[in-house]
Amino acid sequence: TAQPQASKNVSPLTLGQAKSAAPFVLTPSSTPTGLDFQGAFVRPITSQGTTTKLAMLHYGTSFGSVVVVETPASARQDSQIAQQLGQLSMIGKTTVNGTSATKLQTSLVSALTFTQSGVRVVVVGLVPFGDITQIAGSLK
């Protein structure tokens with residue numbers, strides 16, 4: 001029988017290292033006070049036979065954290081996301097830098113997802129929605 005593999009402790013990357021590993025990475029030019037960059041991770045992912053990379057950028061600490069997850073965008077992926085999220089009543093629409101975005105705003109969690117410069121972006125955190133929009137709006 002197959003044995004589960006032990007997880008490896010991996011040190012977080014700097015923003016520069018993340019951009020080298022995944023050139024599509026967008027980084028915020030502005031983050032709210034207390035949401036300092038903590039580290040990044042870049043991993044290969046395979047979906048429907050195609051391998052690409054996923055980048056995760058972590059800002060803040062503990063319950064006041066925000067995570068920015070990025071992958072190269074595809075029209076098929078965008079269509080599937082829109083279809084799946086459109087079925088949820090708590091999902092709303094907004095814009096980020098003039099681009100259509102989908103938002104989730106509850107008393108506990110805030111999230112935005114949108115495509116910018118060919119990158120599918122998800123910004124999520126246990127912070128006020130204004131912090132999420134500040135980070136999302138400053139991605140370059």
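## Ground rules

Helices (H or I, at least four residues) and strands (E, at least two) are DSSP runs, numbered from the N terminus.

What you're looking at is a predicted model, where local features need pLDDT of at least 70, side-chain atom pairs count only at pLDDT 80 or more, and totals for chains, interfaces and linings use all residues. Residues are numbered from 1 along each chain as its sequence is written, and side-chain values use heavy atoms, with hydrogens and water left out.

## The whole chain

Let's start with confidence. The mean pLDDT (the predictor's confidence in each residue, from 0 to 100) is 87 for the chain, and 89% of the residues reach 70 or more. Residues 1–6 sit below 50, and beyond near neighbours in sequence this stretch has zero contacts in the model; contact here means heavy atoms within 4.5 Å. Where pLDDT is low, the predicted coordinates should not be read in detail.

Three helices and seven strands make up the list of elements, and along the sequence they come in the pattern α-β-β-β-α-β-β-β-β-α. The chain has 140 residues, and 31% of them count as buried. Buried means under 20% relative accessible area, exposed means over 50%, and partly exposed is in between (1.4 Å probe, protein chains only). Take the contacts between residues at least 6 apart in sequence: 47% of those join residues at least 24 apart. The accessible surface comes to about 8300 Å², with 55% of that belonging to carbon and sulfur atoms; areas come from the Shrake-Rupley method with a 1.4 Å probe, and for residues only the protein chains shown count as cover.

## Strand β3 and its two partners

β3 (66–72) pairs with β2 (50–59), in the antiparallel sense and over five bridges. Two strands count as paired if DSSP finds at least two bridges between them. One of the links is Leu 57, whose bridge partner in β3 is Val 68. The β2–β3 hairpin has six residues between the strands, and Gly 60 takes a positive phi near 85° there.

β3 is also joined to β7 (residues 119–125), by seven bridges and again antiparallel. Here Pro 72 has Val 119 in β7 as its bridge partner. Leaving aside neighbours within four places in sequence, Thr 71 is in contact with residues including Phe 24, Ile 45, Leu 54 and Gly 118.

β4 and β5 run antiparallel, joined by six bridges. In this pair, Thr 94 has Ala 101 in β5 as its bridge partner. Their hairpin has two residues between the strands, and Asn 97 takes a positive phi near 55° in it. Most residues other than glycine have a negative phi. Ser 117 has a positive phi near 55° as well, and it is a residue other than glycine. Ser 117 lies in the loop between β6 (110–116) and β7, and its relative accessible area is 65%, so Ser 117 is exposed.

β5 then goes on to β6 through a hairpin of four residues. The two strands pair in the antiparallel sense over five bridges, with Lys 103 having Leu 112 in β6 as its bridge partner.

## A buried loop residue

Leu 35 lies in the loop between α1 (15–21) and β1 (37–47). Leu 35 is buried because its relative accessible area is 3%. Not counting residues up to four places away in sequence, Leu 35 touches Tyr 59, Gly 60, Gly 64, Val 66, Val 127, Asp 131 and Ile 135. Leu 35 and Thr 61 are 26 residues apart in sequence, and their C-alpha atoms are 7.4 Å apart in space.

## Out on the surface

Phe 63 is found in the loop between β2 and β3, and at 67% relative accessibility it counts as exposed. Together with Leu 108 and Leu 126, Phe 63 forms a nonpolar surface patch with about 360 Å² of accessible area. Patches are made of residues with over 30% relative accessible area and no salt bridge, with like charges joined within 9 Å and nonpolar side chains (Val, Leu, Ile, Met, Phe, Trp, Tyr) within 5 Å. A salt bridge is a side-chain nitrogen of Lys or Arg within 4 Å of a carboxyl oxygen of Asp or Glu.
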